[in-house]
Amino acid sequence: MACRCISNGAEKSVIEVIATENKYDLVVVGGGPAGMIAAINAAQNGFRILICEKNPKLGRKLLITGKGRCNVTNNCDVKTCIDSVTSNSSFLYSAFNFFTPQDTMDFFEQNGLELKTERGNRVFPTSDKALDVVNTLIRLVNENNVTVIQADVKKLIINDNIIEGVESASGDIYHCDNVIIACGGRSYPRTGSTGDGYRLAKQAGHTITPIRPSLVPIVSNDSFCTELQGLSLKNTHLSLVRKNDKKCIFEDFGEMLFTHFGASGPMILSASAAMKPEHIKEQPMCYIDLKPALDEETLDKRVLREFDDAKNKQYKNSIQKLLPGKMVPVIIELSGIDPDKKVNEISKEERKRLVTLLKALPITITGTRGWNEAIITRGGISVKDVNPSTMESKKVKKLYICGEVLDLDAMTGGFNLQIAWSTGYLAGNSIE
């Protein structure tokens, strides 16, 4: 038995059982973004396709991306896209040029999904619903007669280094001329991303580079993070600095969010991608510039004006106009200035200490959160074993690999989904 995927109004997609044969031109292992677009492209080229998805629904992880809005891609050129990839960016030159961010936008818009571009060139569905992205893909899967089954693929069938099919956990065998591994990494394991692709790739002789969570919130033991829990900062600047040599290893401008365990938000997630395990072991420092539009001299003059307006007030009542209300008591405490001290008694050295704090609020990083909160996986199937022009394995003929399961990752902003679209589309177009 096999299935096709249907959409039930506003409900999530479900798999409907239908009868089918067990011989296909292509079996795609994984029904996420890379797997679906690969299947759609291959089907449009006239091939008979089967998607094996272990979940009862296609696109389960896609539904939760971008906090349920789905940052489809980034409205940028190919060079910017490549520059935003943090691991093995040169491998993606062919894939990004074959299926560009503009191609991604055209693909969805030409198939009825309206898109919009927001700050940072992030592209979202106009509806702000990831479900609309998933349903667009599911509709195309159905329209192109792609068969979908709920099956957990446990084994590749390989003979003389040529792929011949796959075997499911229940023992069912699906014969085929090509296989695409597109079953994702380890991030958000509750959506079914449990690293199955690594096991299948190992069976085919591929090397797996060490994996770890990436684009993940940071953990800090600074008590003020807990005090500021829920406070979101916009238009701030972040610097990530190594503790041993004070070298800056990452900078960004944008938004962040304080949490009970540390911090999150776009800037923080991107910073986590720049941290290597040895950096985390050293407990690097994250400095937040709360007033990036002002240099220290200009900010000092601004503080002087505030002090002059409040010269007869206590220090604790003098800086409300400089900061969000929730942050005022924290900055007062961290500045080390007596909160009851009259403003006109504050020394130049104390004022300088306050200005320095506003320009570089220090957060000590003691670690990162785990797989359940990681947006992507860093590490995976080594790209050295994959042909970048086709996504075909160099170890086994007719075996293709695409998406997050590869050792590829990028910054936030739609770039990681673009990796999935580009590598998936290229893989689907390369089968014969």
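Which residues of helix H8 are buried? In this predicted model, they are Met267, Ile268, Leu269, Ser270, Ala271, Ser272, Ala273 and Ala274. Helix H8 covers residues 266–274, and with 8 of its 9 residues buried it is mostly covered. Buried here stands for a relative accessible area under 20%.

E15 and E16 form a hairpin, with 6 residues between the strands. Within that turn you can find lysine 246, which has a positive phi of about 60 degrees.

E16 has another antiparallel partner to visit: strand E17, residues 262–264, joined to E16 by 2 bridges. Here leucine 257 stands opposite serine 264 of E17. These two strands also make a hairpin, and 3 residues lie between them.

Now let's turn to helix H6, which spans residues 196–203. Its buried residues are Asp196, Gly197, Tyr198, Leu200 and Ala201. What do the buried residues of H6 pack against? Their neighbours are strands E3 (23–29), E10 (153–159), E12 (173–181), E13 (208–214) and E21 (376–381). For anyone checking backbone torsions, glycine 205 is worth a look: just after H6, this glycine takes a positive phi of about 90 degrees.

Notes
Residues are numbered from 1 along each chain as its sequence is written. This is a predicted model: local features need pLDDT of at least 70, side-chain atom pairs count only at pLDDT 80 or more; totals for chains, interfaces and linings use all residues. Side-chain values use heavy atoms; hydrogens and water are left out. Two strands pair if DSSP finds at least two bridges between them. Helices (H or I, at least four residues) and strands (E, at least two) are DSSP runs, numbered from the N terminus. Buried means under 20% relative accessible area, exposed over 50%, partly exposed in between (1.4 Å probe, protein chains only). Contact means heavy atoms within 4.5 Å.
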